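This report is a first walk through selected local features. Please look over the sequence and the structure before reading on.

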Amino acid sequence: METEAPVLAALAALIVAFIFLVLPHLRKQSSSQDDRRRQLPPGSLGLPVVGQTVGLLRALRANTAEAWLRRWASEYGPISKLSLFGLPTALLVGPAANKFLFASTALTAKTTTSFNSMVGRRNIRELAGDDHRRVRAMMLQFLKLDSVRSYVASMDDEVRHHIRAHWDGRATVAVMPSMKSLTFDIMCTVIFGLGRAEHAAVRRELSAEFQQLVRGIWAIPVNLPVTSFGKCFAASRRGRRTVAAVIDEKRAKLESGRSSPSDDLMTHMLAEGLADVEIIDNVMFMMVAAHDTTATLLTFLLRHLDGNRDAYGRVVAEQQEVARSKAPGEALSWDDLGKMKYTWSAAMETLRLVPPVFSLLKRAVEDVEFDGHLIPKGWQVLGAMNMTQWDPAIFAEPSRFEPARFESPVPPYSFVAFGGGATVCPGNEFARVEALVAMHYIVTGFKWKLADGCDGSFSRYPLPSPAQGLLIDIEPMDTAATGAAGITK
């Protein structure tokens with residue numbers, strides 16, 4: 001018993017120490033973890049790995065994604081949690097959320113694994129710090145206002161050529177494929193220096209591969225020959241090889257003094273010492289970002305004008321007024337574009353109704369709070385911008401196509417098709433000029449209506465895409481009666 005007494009005393013001391021020193025710390029830590037869980041946004045992460053990914057992708061394919069998100073937001077509020085592509089995600093809705101997404105330094109651009117697989121991991125969306133600033137500065141050299149002014153004549157030439165080749169003499173046109181071809185050709189000419197005469201084969205090859213790879217942007221990343229992702233990834237690899245060959249050609253011209261860094265973006269990037277893989281990744285990124293989005297805008301602008309004959313009449317009258325001021329065959333000028341105010345309002349209204357980019361995806365680089373809820377470091381942050389643009393409290397009768405909404409300023413961060421705050425899309429002026437030049441020659445050259453059997457329905461997977469490519473019946477406009485200059489050979 002005497003030998004047991006010291007042991008019991010030591011044990012008692014340990015128990016007392018545990019009760020008074022360790023236990024309070026554990027309770028505090030547990031309480032802190034409980035508080036953290038309570039601060040997380042409401043919602044559900046669903047099943048492990050799968051989460052809500054399949055449900056959202058199905059809704060995108062069926063064009064019911066807005067209703068899917070609206071039900072989720074109505075249940076959980078302006079901030080909620082869910083799981084997409086295997087990662088916990090905060091879903092944010094509303095103008096305040098849009099401002100937070102564009103302004104918060106705790107969030108950085110985030111693209112999906114599938115997107116990075118298609119365009120490359122050194123694209124500008126994935127770069128940070130000095131690397132990001134350097135590549136952005138290179139792009140801005142060719143997207144700044146003075147540069148875009150100089151592109152008007154080249155865009156005018158590409159549009160006229162496309163109309164003659166793909167619209168003249170036809171009774172029916174599939175608008176989406178036509179606009180994708182047009183915007184791709186414009187970008188090849190004015191940004192990448194791939195003229196249609198000397199680079200016709202390269203342009204056709206790249207266009208075909210990009211039509212395929214863009215379908216993989218939202219595909220589930222399972223790289224097998226039979227999967228959608230696998231087929232799109234193969235197209236991406238073929239496209240990258242083509243771009244690499246173009247870079248070699250441009251390098252040879254630059255080194256021999258037959259070209260200048262100011263000629264096109266790829267040559268400029270070479271002169272600045274950017275690695276080939278980074279040039280390829282950012283060329284791929286710009287080709288996806290620039291041509292599909294503007295093609296979507298033009299396609300749905302024609303669709304909505306077909307359904308609103310008053311708006312169509314105002315656009316026609318505005319464009320014919322511009323055309324009457326031009327000599328036959330004379331190209332549009334920068335000043336002419338400034339007279340197309342209602343046409344651009346109609347384009348903005350189209351972007352409100354059918355934004356080419358469904359949502360904005362970012363990543364939290366540190367713990368950050370929004371609307372009283374914690375978004376932990378490492379979480380994805382999904383901004384459902386289209387829901388703000390369909391909010392009846394901001395836009396009365398939001399499903400109605402009404403270009404006059406944009407004849408006066410709209411509330412801040414309620415319309416964010418081109419970004420917001422300091423992070424406005426650097427290509428917005430390029431897109432405006434491209435769209436206005438194309439609309440001018442379509443509107444002054446043709447009358448159109450939806451073809452029989454074309455109901456205008458569309459899917460949002462991966463980008464808004466109308467059934468049958470939006471088939472329209474066209475007939476030439478009587479330029480003699482309207483006084484419009486028309487298109488000359």
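In this predicted model, Leu-471 of strand β12 is the bridge partner of Ala-174. Strand β12 covers residues 471-476 and runs antiparallel to β4, to which three bridges join it. These two strands belong to an open sheet of three strands, ordered β4-β12-β9, with antiparallel pairing. The edges are taken by β4 (172-174) and β9 (446-450); each has a single partner strand, so one side of each is left without a neighbour in the sheet. On average, neighbouring strands in this sheet are turned by 35° against each other, direction ignored. Strands of a sheet pair through backbone hydrogen bonds, either parallel or antiparallel.

Helix α13 runs over residues 309-324, and its 16 residues should span 22 Å at 1.5 Å a residue; the end C-alpha atoms are 22 Å apart, which agrees. The 14 residues of helix α9 (residues 200-213) reach 20 Å from the first C-alpha to the last, close to the 20 Å expected at 1.5 Å a residue.

Both helices have buried residues. In α13 these include Ala-311, Tyr-312, Val-315 and Val-316, together with Glu-318 and Gln-319. In α9 the buried residues are Arg-203, Leu-206, Ser-207, Glu-209, Phe-210 and Leu-213. Among the elements that cover the buried residues of α9 are α5 (113-119), α7 (145-166), α8 (175-190), α10 (228-255) and α12 (276-307).

The structure holds 13 aromatic pairs. Two of them are listed here.

| Pair | Ring centres apart | Angle of planes | Arrangement |
|---|---|---|---|
| Trp-68 and Trp-72 | 5.9 Å | 10° | stacked |
| Trp-72 and Tyr-76 | 5.0 Å | 55° | tilted |

Trp-68, Trp-72 and Tyr-76 form one aromatic cluster. Trp-68 and Trp-72 lie in helix α3 (residues 65-76), four residues apart, which is about one turn of the helix. Trp-72 and Tyr-76, also both in α3, are likewise four residues apart. Are these side chains buried or exposed, taking Trp-72 as the example? Trp-72 has a relative accessible area of 13%, under the 20% limit, and is therefore buried. Trp-68 is buried as well. Tyr-76, at 23% relative accessibility, counts as partly exposed.

Arginines also lie over aromatic rings. Arg-309 is placed over the face of Tyr-312, at 4.2 Å from the ring centre. Arg-352 lies over the face of Phe-395, and here the distance from the ring centre is 5.1 Å.

Note on methods: Residues numbered from 1 in each chain as written. Predicted model: local features only at pLDDT ≥ 70, side-chain atom pairs only at ≥ 80, totals over all residues. Heavy atoms only, no water. Expected span 1.5 Å × (residues − 1). Buried < 20%, exposed > 50% of the residue type's maximum accessible area, 1.4 Å probe, protein only. Pairing = 2+ DSSP bridges. Axes fitted to C-alpha atoms, helices over the stretch in contact; angles between N-to-C directions. Contact = heavy atoms within 4.5 Å. Phe/Tyr/Trp six-rings, centres within 6.5 Å; stacked < 30°, edge-to-face > 60°. Lys NZ or Arg CZ within 6 Å of the ring centre and 35° of its normal.
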